[in-house]
Amino acid sequence: MFFFLIKMNFKGKDIISIKDFSKKEINYILSHSKKMVPYAKGERCTDILKGKVLSSFFFEPSTRTRLSFESAMNRLGGRVIGFADPTATSQKKGESLADTIRMADSYSDVIVVRHPQEGAARLAAEFADVPVLNAGDGAGRHPTQCLLDLFTILIEKKKIEKNNIVLLGDLKYGRTVHSLAYALSLFGTELTFVSPENLKMPKEIVQECRELGVEPKHTSNLEKAIKDADVLYVTRIQRERFPDAEEYNRVVGTYRVDNDLLKQAKENLIIMHPLPRITEIHPEVDKTPHALYFKQAFNGVPVRMALLSLVVGGKL
Ligand code: CP
């Protein structure tokens, strides 16, 4: 359900962590995102950010986050500068993140930054006057992914509250599930965490859920957990964050969602995944009505359009 909410002012605001937002503010962003859908699809046109420039600085690989931010800025009538390969920048000569961000601050009106180090986006925000949007910082947070995940659940289930949501896979290193567990707890959903023993949700995230009144269940038994699930949120094992390859090889392939497993699921179960997927969802699942992950990835465009327009100050 979308509510008409009292107007809120996000102009100039950094978006570093979902924890910086109240439930009311999240609802406001989601309702703004809904308005952006026809523009994100190219069915309607707008130039509310004409003359504005986005710096898109990706120090780590990305397909969806980078391209959907770029699509969002273009759909709003703005322009994009930046890089997807930091080795082609003066970082290669030893320039600091702070100085690189100072440059973006003087060349653009908003900065999107992805970085392998936790806390890098918060640091970037300290060196920029223009708003900084965290596009993922190490195993830390990924707030814009979290907002598009919430948006997807809201669109598909008509409400976020009262859903039984299973988070599956690498809950230790997967930054999307860290942000999402917190945000879902704000909405009071039921949470079940399914992971290998050594990739459990960090204690501090579990504690955040508890402080918001949600007591997550933990299990390694996916077959059991899927029976009552309304949403199954799958994540890949984050190979790049493992300190040793042997440990990765021990757990990769622990879980695989396939049509056989789905025989036990509710008819209206939706399967989400921030992508990229590796082997954790069999391609045969793509053709089932449960598969929402590609639509979820599209939802990154209207949600990021909403965020860019709100922080830069364009009015639809
Ligand atoms: N979901 C997500 O962050 O995907 P990318 O790494 O491709 O941006």
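**View 1. Lys-162, an exposed loop residue.** At 71% relative accessibility, Lys-162 counts as exposed, because the cut-off for exposed is over 50%. The model shown here and in every other view is predicted. Lys-162 sits in the loop that runs between α5 (143-157) and β5 (164-168). Its backbone has a positive phi of about 65°, although Lys-162 is not a glycine.

**View 2. The two domains.** The chain is divided into domain 1 (18-140 + 300-312) and domain 2 (143-297). Note that domain 1 is written as two stretches of sequence, 18-140 and 300-312. How far apart do the C-alpha centres of domain 1 and domain 2 lie? They lie 25 Å apart. The two domains also touch: 30 residues of domain 1 are in contact with 27 residues of domain 2.

**View 3. The largest nonpolar core.** This core holds 62 residues. Six of them touch the most other members: Leu-133, Leu-150, Leu-167, Phe-193, Met-201 and Leu-308. Which helix gives the most to this core? Helix α12 (residues 300-312) does, with 9 residues. In soluble globular proteins, nonpolar side chains tend to be buried together.

**View 4. Leu-150 and its contacts.** Set aside its neighbours within four places in sequence. Leu-150 is then in contact with Ile-26, Leu-30, Ile-160, Leu-180, Ala-183, Leu-184 and Phe-187. Another core lies apart from the largest one. This other core has 20 residues, including Ala-225, Ile-226, Leu-261 and Leu-275.

**View 5. The largest pocket.** About 380 Å³ of space lies in this pocket. Its lining is made of 21 residues. Nearest the centre are Arg-114, Arg-175, Arg-236, Leu-275 and Pro-276. Which elements give two or more residues to the lining? They are α2 (64-75) and α6 (175-186). By class, the lining has 10 polar, 7 charged and 4 nonpolar residues. Why is the largest pocket said to lie between the domains? Domain 1 and domain 2 both give residues to its lining, so the pocket lies between them.

**View 6. Leu-275 and Pro-276, a cis pair.** Both residues are among those nearest the centre of the largest pocket. A cis peptide bond joins Leu-275 and Pro-276, with omega about 5°. Leu-275 is found in the loop between β9 (270-272) and α11 (293-298), and Pro-276 is found in that loop too. Phi of Leu-275 is near 65°, a positive value in a residue other than glycine. Is Leu-275 buried or exposed? At 13% relative accessibility, Leu-275 counts as buried, because the cut-off for buried is under 20%.

**View 7. The second largest pocket.** This pocket has a volume of about 280 Å³. It is lined by 14 residues. Closest to its centre are Lys-7, Tyr-28, Leu-310, Gly-314 and Lys-315. The largest share, 3 residues, comes from α1. By class, the lining has 5 nonpolar, 5 polar and 4 charged residues.

**View 8. The largest cavity.** How many cavities of 30 Å³ or more are counted? The count comes to 2. The largest cavity has a volume of about 130 Å³. Of the 17 residues that line it, the closest to its centre are Thr-235, Ile-237, Gly-253, Tyr-255 and Glu-280. By class, the lining of the largest cavity has 9 nonpolar, 5 polar and 3 charged residues.

**View 9. Phe-59, a buried loop residue.** Phe-59 is found in the loop between β1 (53-58) and α2. At 10% relative accessibility, Phe-59 counts as buried, because the cut-off is under 20%. What does Phe-59 touch, not counting residues up to four places away in sequence? Phe-83, Pro-86, Gln-91, Leu-97, Thr-100, Val-113, Arg-114, His-115 and Pro-116. One of these, Arg-114, is also among the residues nearest the centre of the largest pocket. Phe-59 and Val-311 are 252 residues apart along the chain, and their C-alpha atoms are separated by 22 Å.

How values were computed
Residues are numbered from 1 along each chain as its sequence is written. This is a predicted model: local features need pLDDT of at least 70, side-chain atom pairs count only at pLDDT 80 or more; totals for chains, interfaces and linings use all residues. Side-chain values use heavy atoms; hydrogens and water are left out. A nonpolar core is a set of buried Ala, Val, Leu, Ile, Met, Phe, Trp, Tyr and Cys residues joined through side-chain atoms within 4.5 Å. Buried means under 20% relative accessible area, exposed over 50%, partly exposed in between (1.4 Å probe, protein chains only). Helices (H or I, at least four residues) and strands (E, at least two) are DSSP runs, numbered from the N terminus. Contact means heavy atoms within 4.5 Å. On a 1 Å grid over the protein atoms alone, a cavity is a set of points where a 1.4 Å probe fits but cannot get out, and a pocket is an open set with protein on both sides within 12 Å along at least five of seven lines; lining residues have an atom within 4 Å of a point. Grid points are joined across faces, edges and corners, and a volume is the space filled by probe spheres set on the points. Ala, Val, Leu, Ile, Met, Phe, Trp, Tyr, Cys and Pro count as nonpolar, Asp, Glu, Lys and Arg as charged, and the others, Gly among them, as polar. Domain bounds come from an automatic or database domain assignment.
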